[in-house]
Amino acid sequence: MYEFFQNLLGPEWGFFVAAISHILLLVVVLLVAIAFLLLMDRKVWAAVQLRRGPNVVGMFGLLQSFADFFKFMLKEPVIPSGTDKAVFVIAPIVTMTLALAGWAVIPVAEGWAVSNINVGILYIFAVSSLGVYGIIMGGWASNSKYPFLGSLRSAAQMVSYEVSIGFVLITVLLWVGSLNLTDIVTHQAGGFWNWHFIALFPMFVIFFISALAETNRPPFDLPEAESELVAGYQVEYASSLYLLFMIGEYVSIVLMCALCTLLFFGGWHAPLDIAIFTWVPGVIWFAIKTTFFFFLFAMVKAMVPRYRYDQLMRLGWKVFLPVSLAFVIFEAFVLAYF
C-alpha cells in the first residue's frame, strides 16, 4: 500500500496517506469486532445464567450492539451544571484515544502492524499507564463525591496492577532478548511447545489476572460496582460521552487479550507446523486466540464473585508483586548461568 500511494502522490504525501489509511482500517475493523465481542460477552453471561440474552434486534440478536450504539448517539447529552464542562467532555475522549493508540504497535500478522517499532512493549506499557488519566479527569470534573471516590479507587487499582504487569513483561523480554512484539512472536514459531506460556506459565497466570484488574473487569470491577458507588466515575455521564468510556474500556480489554496472544500463545503462528494448520492465514489464528481470551474474560465475569477492596490490594501488593519480582530474579539467574 505504501508503494501504491508513493507512486500516486509522491514520497512524502504517499507515506502520509498510506499511514492514515492503515490507521482508519485498523480502527474500523477493531470497532466492528468489538461490537460483536460485546454481544458475545452478553451471550456468555446469559448462557451461564440459563437465559437467552440479546435475541431481538437482528437474527440471533446480531445487530443489538449497533442498536445500542445508535441509541447512545441519538440521546441528548446531559452535562450537569456544576461540572467543569471542558474536562468533563475531554475525559472520555482521552480514555478512548489512549485505548486505540495502544493498537498502533500490535502485529496482527507478519508485517501487519501500523508501526513495527523496536520498543513496542515499552510503548504499550506507557500508553496503558496513561489510561488512568481519563478516569481521574472524569471523576474529578463531575464535581460529585461518588464519581470522585470511584475515580480514586480506579486509579489506585490500575497503578497497583501495572507494577506486576511490568515485571511480567520483563520476564518475556529477558526470555526473548527483544522489546519488539514481532520478534517476540517470531521467537515462538515452530509449534505450540515453543509458546511462552509453557516456560513462563506462572507469569501468564499473573498477567491474565492483572489484566482483569487493569481493565476494571469482574471480579475487580470495584470502580463501577453498582452496589457500592452507583457506577463509580461514570455516575454523571450519559449518551455519547458514556459510550466513549465504554468503547475505551472494551478496546483496552481486547488489547489485553491480544497481548496474551502475542506474549504467551504464539501470536499469528499455528499450534502445529503442519499443512492442515499453516494454510490458515496468520491473522485468522490471531483473531481466534484473541477471541478465546475474551471468552475467558467473559467466563470470569460470569462465575467469580467480586473481591473486597482490601482483598484486591493485598493480592496486588503482597502476592503478585513479590512473586513476579522473584520470578524475574530467578529467570535472570537461569539465563545468565545455564
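Which residues lie nearest the centre of the largest cavity? Select Gly 131, Met 158, Glu 214, Gly 248 and Ser 252, which lie nearest that centre among the 19 residues of the lining. The model on screen is a predicted one.

**Stop 1: the cavities**

Keep that selection in view. The largest cavity has a volume of about 260 Å³. The count of cavities of 30 Å³ or more comes to 2. To see which elements surround the largest cavity, colour helix 4 (85-101), helix 5 (120-130) and helix 12, each of which gives two or more residues to the lining. Helix 12 supplies the largest share, 6 residues.

**Stop 2: the largest pocket**

Now select Leu 38, Arg 42, Tyr 242, Met 246 and Tyr 250. Of the 34 residues lining the largest pocket, these lie nearest its centre. The space in this pocket is about 1100 Å³. Helix 2 (11-48), helix 3 (64-74) and helix 12 each supply at least two residues of the lining. Which helix gives the largest share of the lining? Helix 2 does, with 9 residues.

Lys 318 is placed in helix 15 (residues 309-337). With a relative accessible area of 63%, Lys 318 is above the 50% cut-off, so it counts as exposed.

**Stop 3: the nonpolar cores**

Select Trp 103, Ile 106, Leu 181, Phe 207, Leu 263 and Phe 264. These have the most contacts inside the largest nonpolar core, which has 62 residues. Helix 12, residues 239-264, gives the most to this core, namely 16 residues. Apart from this core lies another, of 12 residues, including Phe 88, Ala 155, Met 158 and Phe 245.

Next, centre the view on Phe 207 and show what it touches. Leaving out residues up to four places away in sequence, the list is Ile 165, Val 168, Leu 169, Met 256, Leu 259, Cys 260, Leu 263 and Phe 264.

**Stop 4: the aromatic rings**

Show the side chains of Trp 195, Phe 197, Phe 201, Phe 204, Phe 207, Phe 208, Phe 264, Phe 265, Phe 292, Phe 293 and Phe 297. Together they form one aromatic cluster.

How many aromatic pairs are there? The count is 26. Take Tyr 161 and Phe 220: their ring centres are 5.9 Å apart and their planes stand at 40 degrees, so this pair is tilted. The pair links distant parts of the chain, with Tyr 161 in helix 7 (residues 145-176) and Phe 220 in the loop between helix 10 (201-214) and helix 11 (226-229), 59 residues apart. Both Tyr 161 and Phe 220 are buried.

Then go to Phe 265 and Phe 293. This aromatic pair is edge-to-face, with 5.0 Å from centre to centre and 80 degrees between the planes. Distant parts of the chain are linked here too: Phe 265 is in the loop between helix 12 and helix 13 (275-278), and Phe 293 is in helix 14 (residues 282-303), 28 residues apart.

The charged end of Lys 71 sits over the ring of Phe 72, 4.9 Å from its centre.

**Stop 5: the backbone**

Most residues other than glycine have a negative phi, and most peptide bonds are trans. The next selections depart from that.

Select Pro 218 and Pro 219. A cis peptide bond joins them, with omega about 5 degrees. Pro 219 lies in the loop between helix 10 and helix 11.

Move to Phe 60, which is not a glycine but has a positive phi of about 60 degrees. Phe 60 is found in the loop between helix 2 and helix 3. Its relative accessibility is 61%, so Phe 60 counts as exposed.

End at Asn 143, also not a glycine, with a positive phi of about 60 degrees. Asn 143 is placed in the loop between helix 6 (132-141) and helix 7. Asn 143 is exposed, with a relative accessible area of 56%.

Technical notes:
Residues numbered from 1 in each chain as written. Predicted model: local features only at pLDDT ≥ 70, side-chain atom pairs only at ≥ 80, totals over all residues. Heavy atoms only, no water. Core = buried A, V, L, I, M, F, W, Y, C linked by side-chain atoms within 4.5 Å. Buried < 20%, exposed > 50% of the residue type's maximum accessible area, 1.4 Å probe, protein only. Helix = DSSP H or I, 4+ residues; strand = E, 2+ residues; numbered from the N terminus. Contact = heavy atoms within 4.5 Å. Phe/Tyr/Trp six-rings, centres within 6.5 Å; stacked < 30°, edge-to-face > 60°. Lys NZ or Arg CZ within 6 Å of the ring centre and 35° of its normal. 1 Å grid on protein atoms, 1.4 Å probe; cavity = no way out; pocket = protein on both sides within 12 Å on 5 of 7 lines; lining within 4 Å. Points joined across faces, edges and corners; volume = space filled by probe spheres on them.
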